[in-house]
Amino acid sequence: MRSTYALVQVALALMADRDDRHWGYELSKRSGVRSGVMYPILRRMLDEGWLIDGWEDQAQIGKARRPPRRYYELTDKGRIALGSLVAEARRDSRFRPLLAPQATRG
Amino acid sequence: MSELIFHVLAWPTVGVALLVFGFTPGAVLRLIALVFHRDDPRRKELLAELHVVPRIERPFWVAEQLEVALFDVLRARLVIRRTEQAERDPWVLPEDGVLDPRAVEVAASGERRVRLTRREQRAAAARILAHGGTAWTIAKRLHLRYSVARALATSIAIKNGRD
């Protein structure tokens with residue numbers, strides 16, 4: 001996948017919590033990428049096998065009257081791929097503004 | 001100040017607020033979801049995501065989804081549909097009034113559907129018959145009704161018998 005600003009942003013958001021489930025809206029908020037750009041990226045990641053998706057259990061929803069949401073989880077392959085993508089981005093001057101706050105955050 | 005509060009809480013204002021932040025986003029989103037293919041999980045995902053979007057943000061979020069649906073999803077679906085339609089449509093070769101041997105060859109092989117002139121159709125049918133085909137083969141490969149194919153086959157046989 002070609003490294004773009006949006007891809008790196010989504011990768012950073014996913015890698016910030018690499019073992020947890022990610023939800024579309026939260027991921028869009030956290031990465032700062034519009035859903036029109038983010039969902040095609042997620043779809044490509046699913047196709048590459050970097051992510052798996054699923055639907056929330058009814059038990060998780062509890063009493064909230066809403067339909068189950070779709071979640072995304074990083075696979076081992078995805079963790080490796082996104083790890084190297086982020087590492088590459090750190091070396092690339094194009095992504096410096098994006099990665100600078102990350103570096104200061106530790 | 002109290003007048004301002006009164007105006008803000010006036011029924012029309014409350015009604016508009018309910019419409020904009022309550023009813024409308026959900027209703028519009030349901031329409032937007034229809035743009036996605038029936039099997040696309042995004043259709044279900046969109047409707048579920050709306051429930052976690054804060055009410056104040058919903059109109060803007062739905063507007064964003066509308067943009068995505070119109071310019072990405074609908075456009076992609078139209079392109080796919082057009083491509084599929086083009087594949088189904090007969091292949092029209094340049095028509096110059098003369099018998100096009102390539103068109104005849106392709107049509108007779110049944111490789112693709114080709115729009116033929118009457119002369120080309122006859123030549124293709126003759127070619128099929130020469131290769132051991134029947135009226136049924138002609139009908140199938142040239143996309144003709146069986147009765148037409150049979151009439152064509154008979155006419156070719158009679159002409160060949162005369163020659």
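Two strands pair if DSSP finds at least two bridges between them. Strands (E, at least two residues) and helices (H or I, at least four residues) are DSSP runs, numbered from the N terminus. This is a predicted model, in which local features need pLDDT of at least 70 and side-chain atom pairs count only at pLDDT 80 or more, while totals for chains, interfaces and linings use all residues. Residues are numbered from 1 along each chain as its sequence is written, and chains are lettered from A and ligands numbered from 1 in the order in which they are written.

**The sheet of chain A**
- In chain A, an open sheet of 3 strands has the order β1-β3-β2, with antiparallel pairing.
- β1 (22-23) and β2 (51-55) of chain A are at the edges with a single partner strand each, so one side of each has no neighbour in the sheet.
- β2(A) and β3 (residues 70-74) of chain A run antiparallel and are joined by 5 bridges.
- Opposite A:W55 stands A:R70 in β3(A).

**The contact between chains A and B**
- Chain A gives 11 residues to the contact and chain B gives 15, where two residues are in contact if their C-beta atoms, placed from the backbone, lie within 7 Å.
- On the side of chain B that touches chain A, α3 (41-50) and α4 (58-88) of chain B are the elements that give two or more residues.
- α3(B) supplies the largest share of that side, 7 residues.

**Helix α7 of chain B**
- In α7 (residues 135-142) of chain B, the buried residues (20 or more other C-beta atoms within 10 Å of their own, all placed from the backbone) are B:A135, B:I138, B:A139, B:R141 and B:L142.

Methods: A residue is buried if 20 or more other C-beta atoms lie within 10 Å of its own, exposed if 12 or fewer, and partly exposed in between; C-beta atoms are placed from the backbone.
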